[in-house]
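Please keep the sequence and the structure in view while reading.

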Amino acid sequence: MISELLNPWIRDLVPYSSARSEFSDRADILLDANESWEGGNDGVNRYPDPLLRELREEIEHVMGIPYDMSAIGNGSDEVIDMLIRMFCAPGRDSIMIERPTYGTYSVFAHTSNVAVVDVPLTADLDLDEEAIIKTIKEKKPKIVFICSPNNPTGKVYPLEKILRIAEVNDGITAVDEAYADFSEGFKSAIQTIKENPRIVVLRTFSKAYGKAGARLGILVSDPAVQKVFMKAKPPYNVSSLSEKAGLEALRDYESVRRRIEETIRRRKELSAFLRSLPYVSEVFPSEANFVLVRVSDAASLYSYLLEKGIVVRNRSSDPLLENTLRITIGSEAEMAELKEAMNGWNG
Ligand code: PMP
């Protein structure tokens, strides 16, 4: 079934066979990959493991994602790009998004000359289930991207709703769960892949795991999709330094857990503070590591904060989000400075 959805040139691709994928046992003398015999003591004179085995084993151990259901991208951005290249034919196919949402789904679609069908969120920033299902039947997008918790709104969509959409969607439903760790009582779509192999889930090390600079994204999928991702990705897409950074985060999960708790506590504090400001008209309930807020004049508040050395994200040009700013949760000290600055603005 998955093979019918794949682009035939990807399905039939003869993958590049790297030196390291042809040989994975132990040997003392490695003269197979045209590397340098020296280059520092962190092992970077050698190519990384194309299969990222150590990292994926640790992901299974810590996150409970089965080894044969995980693949690693250079950030989840690369996973998004790869999914589009695997399933969408340039100049012919489309993806579906529900704006306002994360921006790279449509950018990567456009770099592949793949059309973007947008079914806007409802006025209360929820998925418009009826319109989505109707549009899926009409336009038959190859991938429906659903971001939950959504960026930039912070809203979690009910899993039941996502599953109903995935059920009628004959293509791939890609659920981007980048911010899942910050959502209390979150119900992941990962467990549902076994029943519906057209569902894939995206996770990242960039948020709760604190490794945005390492560029590590996880594709969680049916093994059939995973295998194709592995053969179609650039062989050495993730560096050995990044793999180490990911292992470090997983092996110190206590720090990740503590950071998640602090983020949630500060998010609640910030939301309450924002609600108390006279120029704030709406604080959107968030289950992510940011808060979206509607103010009297987002552009001038943005510039005012910038003058104070604080940069937030102006989301006002997104549909439904006029006069909104998205504020990431930072350290205790950063939140204190932000509050002081915001108290001093008389918008
Ligand atoms: N998905 C969402 C919803 C995001 O907000 C982001 C980054 N802001 C990404 C994916 C990309 O994450 P990564 O750093 O893993 O490429």
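Just after helix α4, Gly64 adopts a positive phi of about 75°. Helices are DSSP runs of H or I with at least four residues, strands are runs of E with at least two, and both are numbered from the N terminus. The model is predicted, and therefore local features need pLDDT of at least 70 and side-chain atom pairs count only at pLDDT 80 or more, while totals for chains, interfaces and linings use all residues. Residues are numbered from 1 along each chain as its sequence is written, and side-chain values use heavy atoms, with hydrogens and water left out.

Helix α4 covers residues 53-63, and its buried residues are Leu55, Arg56, Glu58 and Ile59. Buried means under 20% relative accessible area, exposed means over 50%, and partly exposed lies in between, with a 1.4 Å probe and protein chains only. Viewed down the axis of α4, the buried residues fall within an arc of 160°, so they line one face of the helix; the arc is that of the directions from the helix axis to the C-beta atoms. The elements that cover these residues include the strands β1 (70-74) and β7 (216-220), together with the helices α9 (223-232) and α10 (240-251). Arg251 belongs to helix α10. When residues up to four places away in sequence are not counted, Arg251 touches Glu54 and Glu58, contact meaning heavy atoms within 4.5 Å. The C-alpha atoms of Arg251 and Tyr67 are separated by 17 Å, and the two residues are 184 residues apart along the chain.

## Salt bridges

How many salt bridges does the structure hold? There are 25 salt bridges, each defined as a side-chain nitrogen of Lys or Arg within 4 Å of a carboxyl oxygen of Asp or Glu. One of them joins the side chains of Asp81 and Arg85, at 3.7 Å from N to O. These two residues are four residues apart in helix α5 (residues 75-87), so about one helical turn separates them. Asp81 counts as buried at 16% relative accessibility, whereas Arg85 counts as partly exposed at 39%. Another salt bridge links Asp93 with Arg92, where the closest N and O atoms are 3.8 Å apart. Asp93 is buried, with a relative accessible area of 12%, and Arg92 is exposed, with 65%.

In helix α11 (residues 253-275), Glu262 and Arg258 are four residues apart, so about one helical turn lies between them. Glu262 forms a salt bridge with Arg258, with the closest N and O atoms 3.5 Å apart. Both partners are partly exposed: Glu262 has a relative accessible area of 23%, and Arg258 has 42%. Through salt bridges that share partners, Arg258, Glu262, Arg265, Arg266, Glu269, Glu332 and Lys339 are joined into one network.

## The ligand

Around the ligand there are 13 residues, of which Ser76, Asp176, Thr204, Ser206 and Arg215 come nearest; a residue is near a molecule if one of its heavy atoms lies within 4 Å of it. Helix α5 gives the most to this shell, with three residues.

Several polar contacts, pairs of N or O atoms within 3.5 Å, can be described. A polar side-chain atom of Asp176 lies 2.6 Å from a nitrogen atom of the ligand. Ser206 places a polar side-chain atom 2.6 Å from an oxygen atom of the ligand, and an N or O atom in the side chain of Arg215 is 2.7 Å from an oxygen atom of the ligand. On its own, the ligand has 400 Å² of accessible area, and the protein covers 91% of it; such areas come from the Shrake-Rupley method with a 1.4 Å probe.

## The loop between β5 and β6

Asn196 has its place in the loop between β5 (172-176) and β6 (199-204). Asn196 is buried, with a relative accessible area of 6%. A polar atom of the Asn196 side chain lies 2.9 Å from the backbone nitrogen of Arg198. Not counting residues up to four places away in sequence, Asn196 touches Ala166 and Glu167.

Ile190 lies in the loop between β5 and β6 and is buried, with a relative accessible area of 12%. Leaving aside neighbours within four places in sequence, Ile190 is in contact with Ile65, Glu177, Val201, Arg203 and Val220. The C-alpha atoms of Ile190 and Ser221 are separated by 7.9 Å, although the residues are 31 residues apart along the chain.

Key
A polar contact is a pair of N or O atoms within 3.5 Å; within protein, one must be able to donate a hydrogen and the other to accept it, and residues adjacent in sequence count only if both atoms are side-chain atoms.
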